[in-house]
Amino acid sequence: MRPPNQRAGDPLAALRAQAVRLHQSGKTAEAIPLYRRYLLARPRDAGIWCNLGVAMRERKAFAVAETCYRRALEIAPDDPAALGNLGNVLKDMDRLEEALACHRRVLAANPEDDRARHNYAVALREAARLEEAAAELDTLVARRPDNATYRWDRALVLLHLGRSAEGWRDYEARRETGEVRPRGYPQPEWSGEPLAGKTLYVYPEQGFGDTLMAARFLPQIAAQGATVVLECKPPLRRLQEGVPGVARLVAPDERFDAFDLHCTLMSVPRLVGADVTAPGAPVTLTVPEAARAKVAPLIAPGGDRFKVGVVWSGSVTFKGNAKRAVTVEHFLPLATVPGVQLYSLQKGPREGDLAASGADAVMIDIGSRVDDFAETAAAVEMLDLVIMTDSSVAHLCGSLGRPIWNLLPFHPYWIYPVDSDRTPWYPSMRLFRQRTAGDWAEVFARARAALAEAAAAKAEGLWPPAD
């Protein structure tokens, strides 16, 4: 945000300063029109073109942001801020090789620029060049071991590479980045000491999917002689009744302080020495008969067709959702496979997409008619297959051992290998990963071809396939 040479008292200088001040205070929507007014009069200000690009990227107007950065580079071709920002927005748009080239240019001019190296490392990770990303992050952590962001980003890469002990160690950096908020309990946090005769209070910290994923490790804690009390959000309550190793479930708003030690659920894998390449069987879940009774009439209209549940979006508050989610229209070609009936399992803010798009003409709505994960689980049990983009329902299907095809972005979540169509975390899951970043059309084409084969296999009595 460098001001150009301007005369004292210049009204444009005041306009510029006001726009920058608004932007820095988080009032981006107010800053943008001021930036535009200023640039109409002073179009040679590379710094403000760059600022406007940052503001547009914050609004996810990526193509506009790219244009702004390129205008800045017309004026200042080697400006490191404009080059780095251009690299970041190209990464957002899945133009990964172009992004990497921008970051290399910045680093070539200043190899000691840690911010530029971090941008480069993140772009390498998004390009699934994990070993290279780990090397860059190693350099950053060696220079700045106190920087929690560098350690957190390295954790995600190391876990993806199967380097469990190192990855779990760095994963604790999330406490310093604000990913985890301290509970402030007077009792100490469990750090791995013996648990015999102790009551351990375990609480989730992330989404429903991670809660289901990590619950598999709770029996290992109980086996150490601990009484495990698990905090459970209401949508999971009925499903997690009877989870092995858990003596009691507690609601988030329930007062409970009769414990000796406490622990966040996503720290449990580190404390039990979990191997990310062989994590053990998924958690055992309980599907109530009442849930089955409610859902059965919703499934029945599909008759003897090949019944396929679909989900197109995870939580809209998850910052990586834009990369993993699609529109409901992507799934419509699956409905044209002979013998197939689609069911929407979508819940949350995006469930309204079904009716808004008109796709409810060919999909049976389940998501808006179930109240919790237990009822979704009952539906999954009655379907032949679930095909979806990654979200908590994928973890649900995998935990139930039901056939699930997970459609993934080019750089997926770390439990999904980039060189395999299977994950050790969920044996019943098949992965369909983008072969080119951002290319969902090819993924859905492969899924449709595989679905045609699966529907034909069911007609011949050969579905589900033997493991």
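Two residues are in contact when heavy atoms of theirs lie within 4.5 Å. Keep that in mind as we look around this structure, which is a predicted model.

**The nonpolar cores**

Let's start with Leu239. Leaving aside residues up to four places away in sequence, Leu239 touches Leu212, Leu285, Thr286, Val287, Phe373, Ala374, Ala377 and Leu396. Leu239 also belongs to the largest nonpolar core, which has 71 residues. Along with Leu218, Ile221, Leu345, Ile366 and Trp414, Leu239 touches the most other members of that core. Which helix gives the most to this core? That's helix 19 (residues 373-382), with six residues. There's also a second, separate core of 50 residues, and Ala46, Leu52, Leu100 and Cys102 are among them. As background, nonpolar side chains tend to be buried together in soluble globular proteins.

**Two packed helices**

Now for a pair of helices. Two packed helices are described by the angle between their axes and the distance between the axes. For helix 2 (residues 28-41) and helix 3 (residues 46-58), the angle is about 145 degrees and the axes are 10 Å apart. Their crossing is left-handed. On the helix 2 side, the residues that meet helix 3 include Ile32, Tyr35 and Leu39, while helix 3 brings in Trp49, Leu52 and Met56, among others. Sort the residues of this contact by type and you get nine nonpolar, two polar and two charged.

Is Tyr343 buried or exposed? Tyr343 counts as buried because its relative accessibility is 0%, and buried means under 20%. Tyr343 sits in strand 6 (residues 340-344). Its contacts beyond four places in sequence include Leu298, Pro301, Lys307, Val310 and Leu383. Ile366 is another residue that Tyr343 touches; the two are 23 residues apart along the chain, yet their C-alpha atoms are separated by 6.4 Å.

Asp170, in helix 10 (residues 164-171), is buried too, with a relative accessible area of 4%. Not counting residues up to four places away in sequence, Asp170 touches Arg151, Trp152, Arg154, Ala155 and Leu158. With Arg154, the side chains are joined by a polar contact.

Here's how each of these two residues reaches a partner:

| Residue | Partner | Distance |
|---|---|---|
| Asp170 side chain | Arg154 side chain | 2.5 Å |

Notes
Residues are numbered from 1 along each chain as its sequence is written. This is a predicted model: local features need pLDDT of at least 70, side-chain atom pairs count only at pLDDT 80 or more; totals for chains, interfaces and linings use all residues. Side-chain values use heavy atoms; hydrogens and water are left out. Helices (H or I, at least four residues) and strands (E, at least two) are DSSP runs, numbered from the N terminus. Buried means under 20% relative accessible area, exposed over 50%, partly exposed in between (1.4 Å probe, protein chains only). A polar contact is a pair of N or O atoms within 3.5 Å; within protein, one must be able to donate a hydrogen and the other to accept it, and residues adjacent in sequence count only if both atoms are side-chain atoms. Axes are lines fitted to C-alpha atoms, for helices over the stretch in contact, and angles run from 0 to 180 degrees between N-to-C directions. A crossing is left-handed if the near helix is turned anticlockwise from the far one by less than a right angle, and right-handed if clockwise. Ala, Val, Leu, Ile, Met, Phe, Trp, Tyr, Cys and Pro count as nonpolar, Asp, Glu, Lys and Arg as charged, and the others, Gly among them, as polar. A nonpolar core is a set of buried Ala, Val, Leu, Ile, Met, Phe, Trp, Tyr and Cys residues joined through side-chain atoms within 4.5 Å.
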